[in-house]
Structures are given as structure tokens and as C-alpha cells.
Amino acid sequence: MRWQVHSETSLYADQWLDIRIADVELPDGRHLDHRLVRTAPGAGAVVTDEQDRVLLIWRHRFITDSWGWEVPLGQVDEGEMPMVAAAREVEEETGWRPGPLRPLMSVQPTNGFTDSLNHIYRADSATHIGPPSDPWEAERIEWVHLSGIRRLVEAGEIVCATTLSALLYLLVEHLPAPQPPFGYDAGKPFMLSDLPIDL
């Protein structure tokens, strides 16, 4: 059942976001004023190395007053290609220049509230070029072994929806072909709890 948008009005806008109110008609004919945020797209990358480690940043998010591991990610500048923005963000936030990038996924982490769209790319290598040019982005920059990702998720140390989506996708890519005793059933949804502990 599709919701119909009759109008949108901007309440506040700057170079980062546009806060709007929409007149939305529900399928039963009722109308509601729905608040939403429109933003420029974001881009980032999941960068791994030959030791099955992923490049992550440990940072504080003041809005939720929480710390967590995240993949490097930032806004795509006007006229910039998302892949170029992803490479730039990795370099600025970590001091590592990613190897060749390829698309991994696109995700809308809060599509009930904002049209925010994050393009995530994948690189199998990186070259250290020096300290990050945006040193305030991260408290720490580390190569984290893939075997530790599940424990970080369970400990609440990875909570960013885009990072979670990208890393879980990466873990599924690294799974061996499903076989007993793993117990994978193609007829049922795949859950995080289905992953082997020692992955």
C-alpha cells in the first residue's frame, strides 16, 4: 500500500541537510504531516588486507554519546563520483590509501526518517601514506581481524547501521560453502546467530 505525498515544505536547509515536512495521504485517505530529512549521499569503503583484517576507526558520536567501530565514511561532495569520495574519505580519516575499489553495496540506514543513501565500496589492499588529514574523526585507527567482528557486534562496539551492513556482508562473503554441521538451510532466513563462532 503506497503512501501518497501531496507536498513537501522545507523547514530548514544548509549544505548538509534539508529538514522538511510532507503532507502524506495514507491508503485509508487520512493525511498526516510527516517530518523527514533529505541529505547528500555518503560514500565509504570496507578495506581488507591479506591477513583477513579490516580497516576500522574507533570514534565518538556525540548525538548518541557513544563510542564504536566504523568503516571510513563521509559525504559525497557535489559533482563528485561516489567511488572517488569513498577513496578520499578512507585516506582522510585513516591515512591509508585504498587499493582498487569495487562496489559492495548501497544502504539506506534510516529510510523511515531520511533519504540518506550510503555507497560502500570494497578494496583488498591499502598503502599507508601518513597520518590522517582529518585527525579529529577517529580516536584510534586499527586493522581488526574478521574473526573478531562478531564479538564486537555482540558487545555493542559496532552499532552504525551502514558499518554493520557492510561488515556482515563481508563476513557472509568469507563463509565457506554451507555444509553440516553448520546447519545452513536455504529455505530459511540467514541470521547472525547462524555464523560459526570461530569464523
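Me: How many aromatic pairs does a search of the whole structure find?
Reply: Three. Bear in mind that this is a predicted model.

Me: Why is the pair of Trp58 and Trp67 called stacked?
Reply: Their ring centres sit 6.1 Å apart, and the planes are at 15 degrees. Centres have to lie within 6.5 Å to pair, and planes under 30 degrees apart count as stacked, so Trp58 and Trp67 are a stacked pair.

Me: And what makes the pair of Trp58 and Trp69 tilted?
Reply: Here it's 5.2 Å centre to centre, with 55 degrees between the planes. Stacked needs under 30 degrees and edge-to-face needs over 60, so anything else is tilted. That's where Trp58 and Trp69 end up.

Me: How do you know whether Trp58 is buried or exposed?
Reply: The cut-off for buried is under 20% relative accessible area. Trp58 has 14%, so it counts as buried. Trp69, with 4%, is buried by that rule too.

Me: Why is Trp67 called partly exposed?
Reply: Its relative accessible area is 40%. Buried stops at 20% and exposed starts over 50%, so a value in between is partly exposed.

Me: On to the sheet: what makes β7 and β9 its edge strands?
Reply: The order is β7-β4-β10-β9, in an open sheet of four strands with mixed pairing. β7 (73-75) and β9 (102-107) each pair on one side only. From one strand to the next, the twist averages 25 degrees.

Me: How do you know that β4 and β10 pair?
Reply: Two strands need at least two bridges to pair. β4 (residues 42-47) and β10 (residues 118-123) have six, in the parallel sense.

Me: Which residues of α3 are buried?
Reply: Thr162, Thr163, Ala166, Leu167, Leu170 and Leu171. They cover an arc of only 160 degrees around the axis, so they're on the same side of α3. In general, residues three or four places apart point the same way because an α-helix has 3.6 residues a turn.

How values were computed:
Residues numbered from 1 in each chain as written. Predicted model: local features only at pLDDT ≥ 70, side-chain atom pairs only at ≥ 80, totals over all residues. Heavy atoms only, no water. Buried < 20%, exposed > 50% of the residue type's maximum accessible area, 1.4 Å probe, protein only. Helix = DSSP H or I, 4+ residues; strand = E, 2+ residues; numbered from the N terminus. Arc of directions from axis to C-beta. Axes fitted to C-alpha atoms, helices over the stretch in contact; angles between N-to-C directions. Phe/Tyr/Trp six-rings, centres within 6.5 Å; stacked < 30°, edge-to-face > 60°.
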